[in-house]
Amino acid sequence: MDKENLLASDVGYLKDALTILNEIESSKETQKNLNQQIKELEKNIQTKEKACNDEIEFTMKKRREEIASSFDKQIRKEQDNIRKIRNDREKAKNKGMQGRIEIETMDLKGENDQITTEIKEIIKDSSLLKICGYKIFYILFSPKGIVELLILFLTMAALLFGLPYGIFLLLPTSRPIWLLVISFILNMLFFVTYQMIMQKTKVVKGKEIAHIKGLQDKISANNHKIRAVKNSILKDKNEKIYDLESFDKQLKELEENIRSITKEKQEALTSFEGSTKNMLIEEIQGRYQGDIQDYQIKQDNVLKERKGVEDFIRDRNKHMTAYYEAFLGKDYVTKEALENMIILMEQEKASTVAEALALYKSER
């Protein structure tokens with residue numbers, strides 16, 4: 001149909017255009033609602049799929065932990081037994097070493113006891129001071145070696161300087177003269193006491209003191225040998241003499257048990273991953289699959305409906321463009337313009353579409 005014939009049409013031409021325009025607007029609203037439904041269905045599908053995947057992940061983790069926990073409990077029990085047996089073994093070994101030390105140092109200790117008894121008899125028979133039986137006496141009055149000289153020096157420093165200064169700090173006064181007085185008194189007391197002990201021992205009983213000194217040196221030598229024997233036994237790596245085979249046998253069995261349990265644990269986890277896991281996944285997916293499929297079916301139906309609406313809108317737009325916009329102009333194929341032109345024609349102010357269009361343009 002040519003342009004002149006269409007523009008010469010009556011009001012029905014405009015009413016048809018308005019009807020098509022309303023249909024397009026209504027279809028677009030329907031399309032909008034369908035898009036919202038598709039969005040909600042997609043969200044529901046994703047929510048269900050996430051819940052399914054989360055349950056699968058949680059269930060798989062829980063089952064793995066349950067399997068591992070059962071075997072780990074057995075392993076910890078065996079490890080506790082190993083620690084207990086190792087402690088018992090160490091106690092047995094220490095007891096054996098102590099017994100060995102006692103046996104191998106018995107003669108030296110016996111000799112020291114005899115020497116100690118002899119020293120006491122000499123002191124008693126010679127009417128010596130009891131201090132002569134102690135090593136500290138010989139360090140103070142007859143030092144021998146660097147160690148004893150160092151002990152003597154420290155002892156003298158403590159008595160001649162440390163003790164006076166300590167007493168001075170306890171006094172209510174801080175005048176230096178009192179420190180000198182205290183030092184003088186204590187030093188004199190120490191010197192007099194030292195000379196008195198020297199006179200009653202080394203000077204008068206020099207022979208007996210020398211004999212006791214020799215005996216003390218013998219005890220020191222024996223003690224050195226005892227320490228050497230003890231260190232040698234403690235460093236000895238040979239454990240066969242302590243009868244520890246029963247402990248070693250138990251430890252070997254427990255360690256083998258742990259290896260066996262560890263292997264069983266790995267086999268159980270492998271079996272779970274190989275078969276049980278897939279069965280559990282299928283079972284969980286089965287519980288969600290029905291809802292997911294329902295949503296997918298609804299979504300497919302809505303998608304089909306939306307496509308029909310979109311096709312309808314496309315066809316109506318093509319028709320509107322070809323039969324109305326091409327003749328009236330796109331700016332005048334609107335709801336407002338069409339309604340106003342229909343009113344003009346119904347009021348008989350225009351008898352054709354062309355007249356109504358011209359009059360509407362002039363009134364704008």
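**Close-up views of a predicted model**

**View 1. Confidence along the protein.** Confidence is lowest in helix H1 (residues 3-7), with a mean of 59, and highest in helix H2 (residues 11-104), at 90. These values are pLDDT, the predictor's confidence in each residue, from 0 to 100. Helices here are DSSP runs (H or I, at least four residues), numbered from the N terminus. The protein as a whole averages a pLDDT of 84, and 91% of the residues score at least 70. This is a predicted model, in which local features need pLDDT of at least 70, side-chain atom pairs count only at pLDDT 80 or more, and totals for chains, interfaces and linings use all residues. Residues are numbered from 1 along each chain as its sequence is written, and side-chain values use heavy atoms, leaving out hydrogens and water.

**View 2. Helix H3 and its two faces.** Take a look at the buried residues of H3 (buried means under 20% relative accessible area, with a 1.4 Å probe and protein chains only): Leu108, Asn112, Ile115, Ile119, Ile122 and Ile123. Seen down the axis of H3, these buried residues fall within an arc of 95 degrees, so they line one face of the helix. That arc is taken from the directions from the helix axis to the C-beta atoms. The face turned away from the buried side carries exposed residues (over 50%), among them Asp113, Gln114 and Lys120.

**View 3. Met106 in helix H3.** Met106 is found in helix H3 and is exposed, with a relative accessible area of 51%. Met106 and Ile226 are 120 residues apart in sequence, and their C-alpha atoms are 9.2 Å apart in space.
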